[in-house]
Amino acid sequence: MKFFPLIWATLWRKKTRTIFTLLSIVVAFLLFGVLETIDYAFAHPSSGVTGADKLITTNKYSITLLLPYSDAAEIHAVPGVAEVTWITWFGAYYQESKNFVFALPIDTDSYFNVHKDEFIVPENQMRAFRGTRTGALVNSALLKKHGWKVGDKVPLHSTIWTQKADGSLDWTFDIVGTFDARDPTQASAQAQTVLFHYEMFDEGRSFGKGEVGWFEERVTDPSKAADIAARIDALFANSPNETKTQPANDFALSFIKQFGDIGFVLRAILGAVFFALLFLTGNTMMQSVRERTPELAVLKTLGFGDGQVLELVLAESLLLCALAAVIGLALSYATLPVIKTALQGIELSPSALLPGLGVAVALALVVGLPPALRAMRLNIVDALADKH
Amino acid sequence: MSEAIVSMRNVVKRYERGKQTVEVLNGLSLDIPKGDFVALMGPSGSGKTTLLNLIGGLDTPNSGEITVAGQRLDRLGSGALARWRSNHVGFVFQFYNLMPMLNAERNVELPLLLTHLSGSKRKANALAALTLVGIADRAKHKPAELSGGQAQRVAIARALVADPTLLICDEPTGDLDRKSADEVLHLLQILNRDHGKSIVMVTHDPKAAEFARRQLHMDKGALLEAGTLA
């Protein structure tokens, strides 16, 4: 600690240069924090389907390929399957494409049996939903976000499904009620969801009739879920519609992977940023040490050993990188609510920021070591001669 | 003044300059008694600074023996030499060589960072050294805020603060006006006479050399003559 004032003062020897270097590292770590948080969120997704007793069955080759609705009865007949329901990806937005809506056509009875006690829906609104063919249950957060009210007619634009009647992609729903996730950890995953009737959807669409996107199953004994999944898939083996049954969270991962390897893309961006930062910061540190050659030589004349001089330069590098990393990561932490709003339905975790501190130490060592070694090897007589 | 603070026997120092070998000191022998104040004079390239660097443990000879403050320096490695310097020698340079980002007090405190003294004790000792050289009132000023004479006084305080047995001064007045130079030289004289510090000073200035007890003249890597002043 007694060397801290010396290290701190040395760090700020050229204030403008230190501030710009610090800012560039801060920006890199801000980006690191944001991208790592997003990567973590994609790597640990919530499917909106809770519990170890849930399985999801999709087409074996792609979740974009549909399955026949008739498979539901066969799946239901598998021992251990308590309930099965079916859903199709509607791909909707409200007014503009940035207003993504997680709209799902559901079979009301089987859906709420699979997701027993997972949603809070006022009883009168559930009755209204069952009794209204074009009715929709809207998550209360989404209702609030768009300023909708129960009783409103809301048009949703599907990016996939045209209507049989007029070829339109716009579907109009009557908001008859709201719902909320009973488990607070699922609130974010459900925040963009609109539920509407599968029957109306199936009859109204111009293609794909009798087909579904995926099946969701509730099993009686979660410890046998893997065995039940294998039995379901065995049912459809060698058929034109082979299936892949997996736990709900694995399904969420598969869903995300259809957009590409997001983790790889994010890491590639970070890699490029830190590669550039290595040169920038490394060059700055080297220049700073070169300018201080006579001062470092004087420290050696005073009795500072080669190792101590090396430690001083490394400590300076560490202080710069750690300070910038803490500021950058703190800023990225502050942006979490903004990202959460932008990436609707994604759960963000601050724990994704912690590896940043390790990266800061590694960066400090990589950029600090060459100038520190140079300072350590400095010949006092030669260094002082430059000044004489 | 019979006990030698510096004793050199047959010291040879060569430098490689490209393919050429330059012999700067050729079998030099020298004794400087404890408590002496020696002015080392001579033309550029005569080997004064090389001799000073060897006495101060900043460089090592190619051959010969160098004993300073009872320690054979030619037998020490770089780590041991650094520790020896921190305990036994203080350096004063022509251009002061103060840390520009530290104030006078922090500059003087630097050698004490290598000791086990507490922060408060280090600060007290630094202020005492600044007081001794008559510049305690500028303790919180940075080098850029000091005149040349004041900066050199701070450098002398830094050289003194760890209570070394020997002061090595390389052209300490070379960057000062006459008045400031005389003040600094007078200060060195007081440190020698009243505080018993042994001083070896390189200078080109005959007037500066007059402040020393003895003048040694060098040319082409050898001592020419020695004279004792009153």
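How many residues of chain B are in contact with chain A, and how many of chain A with chain B? The views below take up this point and others in a predicted model.

**View 1. The contact between chains A and B.** 22 residues of chain B are in contact with 21 residues of chain A. Helix H2 (residues 78-88) of chain B gives the largest share of the chain B side, with six residues. By type, the chain B side divides into eleven nonpolar, seven polar and four charged residues.

**View 2. Chain A as a whole.** Chain A holds 16 helices and 13 strands. Its C-alpha trace spans about 95 × 45 × 35 Å along the principal axes. The radius of gyration of chain A is 30 Å, whereas a compact globule of 388 residues would have one near 21 Å. Of the 388 residues of chain A, 37% count as buried. Take the contacts in chain A between residues at least 6 apart in sequence: 82% of them join residues at least 24 apart.

**View 3. Strand S12 of chain A and its two partners.** Strand S12 covers residues 214-219 of chain A, and six of its six residues are buried, so the strand is largely enclosed by the rest of the structure. In a regular strand, side chains alternate between the two faces of the sheet. Both faces of S12(A) are covered. A:Trp214, A:Glu216 and A:Arg218 are buried on one side. A:Phe215, A:Glu217 and A:Val219 are buried on the other. Strand S1 (residues 54-59) of chain A pairs with S12(A) in the antiparallel sense over four bridges. Here A:Thr57 stands opposite A:Phe215. Strand S3 (residues 81-87) of chain A also runs antiparallel to S12(A), joined to it by six bridges. In this pairing A:Val84 stands opposite A:Glu217.

**View 4. Nonpolar cores.** In soluble globular proteins, nonpolar side chains tend to be buried together. The largest nonpolar core has 116 residues, and B:Val38, B:Leu40, B:Ala157 and B:Val200 touch the most other members. Beyond four places in sequence, B:Val38 is in contact with B:Ile32, B:Ile199, B:Val200, B:Met201, B:Ala212, B:Arg214 and B:Leu216. Another core, of 44 residues, lies apart from the largest one. Its members include A:Ile56, A:Tyr94, A:Leu143 and A:Phe179.

**View 5. B:Arg138 in its loop.** B:Arg138 lies between helix H4 (119-132) and helix H5 (148-160) of chain B. It counts as partly exposed because it has 19 C-beta neighbours inside 10 Å, and burial would take 20 or more. Leaving aside neighbours within four places in sequence, B:Arg138 is in contact with B:Ala104, B:Leu146 and B:Gln150. B:Arg9 is 129 residues away along the chain, and its C-alpha atom is separated from that of B:Arg138 by 43 Å.

**View 6. Two loop residues of chain A with positive phi.** Most residues other than glycine have a negative phi. A:Gln95 has a positive phi, near 65 degrees. The residue sits in the loop between strand S4 (92-93) and strand S5 (100-106) of chain A. A:Gln95 is exposed, with 12 other C-beta atoms within 10 Å. A:Asn238 also has a positive phi, about 65 degrees, without being a glycine. Its loop runs between helix H9 (225-235) and strand S13 (243-247) of chain A. A:Asn238 is exposed, with 6 other C-beta atoms within 10 Å.

Technical notes
Residues are numbered from 1 along each chain as its sequence is written. Chains are lettered from A and ligands numbered from 1 in the order in which they are written. This is a predicted model: local features need pLDDT of at least 70, side-chain atom pairs count only at pLDDT 80 or more; totals for chains, interfaces and linings use all residues. The radius of gyration is taken over C-alpha atoms; the globule rule is 2.2 Å times the number of residues to the power 0.38. Two residues are in contact if their C-beta atoms, placed from the backbone, lie within 7 Å. Two strands pair if DSSP finds at least two bridges between them. Ala, Val, Leu, Ile, Met, Phe, Trp, Tyr, Cys and Pro count as nonpolar, Asp, Glu, Lys and Arg as charged, and the others, Gly among them, as polar. A nonpolar core is a set of buried Ala, Val, Leu, Ile, Met, Phe, Trp, Tyr and Cys residues joined through C-beta atoms within 7 Å.
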